[in-house]
Amino acid sequence: MAVDIESLLDFEDLSGTFTATDIFVGLVLGFILLSAIGWLYKRTHKGTSYTQSYVHTLIMMGLVVDIIMLIVGSNIARAFSLVGALSIIRFRNAVKEIRDIGFIFFAMAIGMATGTKFYMLAIIATGVIGALIFIMFEFDWFARPAMSQILKIQLDKDVDFEELFDRTFVKYTQSAELIGIDSVRSGTVTELVYSIILKKNANKHEFIQSIKSQNGNQKVFLITGYNTTDL
């Protein structure tokens, strides 16, 4: 029985639903816009967890979404098939900062726009949203006027600390509140934890040196900006 070679090689190429120009323009424009988003993220990042790989992932994800939108097109069945296939992916790395989620959706939206050939929408949205994010960063919108900091002071267990640092706190801080006392080094050292707000022009180095002169030159920890980072 003869095998019909032509029938075996017969297949339907669906690439005709979009042109090579659509692919090229979508990917190139998407890369440019997503790179601008990556630069904006780097420029406005305040935390300690900045990683180059996250920015690369933003760009890669946006471009992949671009391709997915080209594949899906207006075919609902194809869209549901892709949702089912992508649902098996599990992400184990926790997002350390809430604003990172916003940039993820930002990149996805631009990828969707370029993938569905809404090029003008993608360009304008990137410019307007990016400008608003930059303005909020530059003018420090919604920031609290005074940020509390954590101060940890170690001293010998027999030292009376009730009023020991009062004069230093009055000189360098707007407020200082004892929020914790711990025993460390097998009970030989007492560790005090304060929540403080430094005065606007206070010299942090002088402040720490003043504390050390009163706690027997034991360790002093000042955690600056702990409530604006991911420490």
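**Entry 1: a loop lysine**

I started with lysine 117, which counts as partly exposed at 44% relative accessibility. In my notes, buried means under 20% relative accessible area, exposed over 50%, and partly exposed in between, with a 1.4 Å probe and protein chains only. This is a predicted model, in which local features need pLDDT of at least 70 and side-chain atom pairs count only at pLDDT 80 or more, while totals for chains, interfaces and linings use all residues. Residues are numbered from 1 along each chain as its sequence is written, and side-chain values use heavy atoms, with hydrogens and water left out.

I found lysine 117 in the loop between H5 and H6. Helices (H or I, at least four residues) and strands (E, at least two) are DSSP runs, numbered from the N terminus. Most residues other than glycine have a negative phi.

I then looked up asparagine 217, another residue other than glycine with a positive phi, near 60°. Asparagine 217 sits in the loop between H8 and E4 and counts as exposed at 57% relative accessibility.

**Entry 2: the whole chain**

I stepped back to see the overall layout. The protein chain has eight helices and four strands, and along the sequence they follow the pattern α-α-α-α-α-α-β-α-β-β-α-β. Of its 231 residues, 31% are buried.

I also looked at contacts (heavy atoms within 4.5 Å). Among those between residues at least 6 apart in sequence, 75% join residues at least 24 apart.

**Entry 3: one buried leucine**

I picked leucine 40 to follow some contacts by name. Leucine 40 belongs to helix H2, residues 20-44, and is buried at 5% relative accessibility. Which residues is leucine 40 in contact with, leaving aside its neighbours within four places in sequence? I noted Phe103, Gly130, Ile133 and Phe134. Leucine 40 and phenylalanine 103 are 63 residues apart in sequence, and their C-alpha atoms lie 9.6 Å apart in space.

**Entry 4: strand E1 and its partners**

I turned to strand E1, residues 149-156, where six of the eight residues are buried, so the strand is largely enclosed by the rest of the structure. Two strands pair if DSSP finds at least two bridges between them. E1 pairs in the antiparallel sense with strand E3 (residues 189-198) over eight bridges; there I saw glutamine 154 opposite glutamate 191. E1 also pairs with strand E4 (residues 220-223), again in the antiparallel sense, over four bridges. On that side, isoleucine 153 has valine 220 as its bridge partner.

**Entry 5: aromatic rings**

Next I went through the rings of Phe, Tyr and Trp (its six-membered ring), which pair if their centres lie within 6.5 Å; planes under 30 degrees apart count as stacked, over 60 as edge-to-face and the rest as tilted. I ended up with eight aromatic pairs. One is tryptophan 141 with phenylalanine 142: their ring centres are 6.2 Å apart and their planes stand at 85°, so the pair is edge-to-face. Tryptophan 141 is partly exposed at 45% relative accessible area, whereas phenylalanine 142 is exposed at 76%.

I also marked one aromatic cluster, formed by Phe165, Phe169, Tyr172, Tyr194 and Phe207. Beyond its neighbours within four places in sequence, serine 210 is in contact with Thr168 and Tyr172. Is serine 210 buried or exposed? Serine 210 is buried, with a relative accessible area of 18%.

**Entry 6: the second largest pocket**

My last stop was a pocket. On a 1 Å grid over the protein atoms alone, a pocket is an open set of points where a 1.4 Å probe fits, with protein on both sides within 12 Å along at least five of seven lines; lining residues have an atom within 4 Å of a point. Grid points are joined across faces, edges and corners, and a volume is the space filled by probe spheres set on the points.

The second largest pocket has a volume of about 680 Å³. Of its 21 lining residues, Thr44, Lys46, Arg99, Asp140 and Trp141 are the closest to its centre. Helix H5 (98-115) and helix H6 (119-138) each supply at least two residues of this lining, and H5 gives the most, with five. I sorted the lining of the second largest pocket into 10 nonpolar, six polar and five charged residues. Here Ala, Val, Leu, Ile, Met, Phe, Trp, Tyr, Cys and Pro count as nonpolar, Asp, Glu, Lys and Arg as charged, and the others, Gly among them, as polar.
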